[in-house]
Amino acid sequence: MSWRNAVFVCLIAALGLVPAAGGAAGVAISDAWIREAPPGASMMAGYMEVRNGTSRAQALVAASSTGFARVMMHRTVVRNGVAHMEHLSQVELAPNASVRFAPGGNHLMLMNPKQALHAGDAVVIRLEFRGGLVLPVAFAVRK
């Protein structure tokens, strides 16, 4: 991790911007990571677990980051033996349940990174939920 990224992640943690277990408004994010891409790649993928610890339904409706030109929510589906990506306008979270974003399933499609990201780096992605809740989450870059 570069010293700038290390300072940035420490600052985010010190300001309380990384949700911990039981996070803001009963929604918590864990295991947030981005798969390292080869140099010059225009797309990357982000993964995480989103936990709704409340007794009412929640919905993840958008994601954004200053580190990427665009962030979209997708899921991978297989039709006739061929994998396709489908855009998700929102991801519903049942009461007291979790939704996993993982390779081969739901994921954040991270378009046009603004700088090269390497294993050990981190980038903040803002997750927006129905009702106005916004959680800035530090995603670790992994091999």
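Is Thr54 buried or exposed? Thr54 counts as buried, at 14% relative accessibility; buried means under 20% relative accessible area, exposed over 50%, and partly exposed in between, with a 1.4 Å probe and protein chains only.

Before going on, two notes on how to read all this. This is a predicted model, so local features need pLDDT of at least 70 and side-chain atom pairs count only at pLDDT 80 or more, while totals for chains, interfaces and linings use all residues. Residues are numbered from 1 along each chain as its sequence is written, and side-chain values use heavy atoms, with hydrogens and water left out.

**Stop 1: Thr54**

Stay on Thr54, in the loop between strand 2 and strand 3 (58-64). Strands here are DSSP runs (E, at least two residues), numbered from the N terminus. Show side chains and you'll find a polar contact of 2.6 Å between those of Thr54 and Asn52. A polar contact is a pair of N or O atoms within 3.5 Å; within protein, one must be able to donate a hydrogen and the other to accept it, and residues adjacent in sequence count only if both atoms are side-chain atoms. The Thr54 side chain also reaches the backbone oxygen of Arg56, at 2.8 Å. Leaving out residues up to four places away in sequence, Thr54 touches Ala25, Gly26, Pro95 and Asn96, where contact means heavy atoms within 4.5 Å.

**Stop 2: Leu88**

Now select Leu88, in the loop between strand 5 (82-87) and strand 6 (91-93). Leu88 is buried too, with a relative accessible area of 13%. Which residues does Leu88 touch, not counting those up to four places away in sequence? They are Met73, His74, Arg75 and Asn106.

**Stop 3: the aromatic pair**

Next, pick Trp33 and Tyr47. Their rings form a tilted pair, 4.7 Å centre to centre with 45° between the planes. The rule: rings of Phe, Tyr and Trp (its six-membered ring) pair if their centres lie within 6.5 Å, and planes under 30 degrees apart count as stacked, over 60 as edge-to-face and the rest as tilted. Trp33 lies in strand 1 (residues 27-35) and Tyr47 in strand 2 (residues 43-52), so the pair ties together parts that are 14 residues apart in sequence. Both Trp33 and Tyr47 are buried.

**Stop 4: the nonpolar cores**

Colour by residue type for this one. The largest nonpolar core has 29 residues, and Ile29, Ile34, Met48, Leu108, Leu127, Phe129 and Phe139 touch the most other members. Trp33 and Tyr47 turn up again in a second, separate core of five residues, which also includes Ala45 and Met109. A nonpolar core is a set of buried Ala, Val, Leu, Ile, Met, Phe, Trp, Tyr and Cys residues joined through side-chain atoms within 4.5 Å.

**Stop 5: salt bridges**

How many salt bridges does the structure hold? There are seven, a salt bridge being a side-chain nitrogen of Lys or Arg within 4 Å of a carboxyl oxygen of Asp or Glu.

Select Asp31 and Arg100, whose side chains meet in one of these at 2.9 Å, N to O. Asp31 lies in strand 1 and Arg100 in strand 7 (residues 97-101), so the pair ties together parts that are 69 residues apart in sequence. Asp31 is partly exposed at 34% relative accessible area, and Arg100 is partly exposed at 41%.

For another one, go to Glu36 and Lys143, with closest N and O atoms 3.4 Å apart. Glu36 sits in the loop between strand 1 and strand 2 and Lys143 in the segment after strand 10, so the pair ties together parts that are 107 residues apart in sequence. Glu36 is partly exposed at 23%, whereas Lys143 is exposed at 77%. To finish here, select Asp31, Glu49, Arg100 and Arg142 together: salt bridges that share partners join them into one network.

**Stop 6**

Most residues other than glycine have a negative phi. Asn80, in the loop between strand 4 (68-79) and strand 5, has a positive phi near 55°. Asn80 is exposed, at 83% relative accessibility. Asn112, found in strand 8 (residues 106-113), has a positive phi of about 50°. Asn112 counts as partly exposed, at 43%.

Technical notes:
Helices (H or I, at least four residues) and strands (E, at least two) are DSSP runs, numbered from the N terminus.
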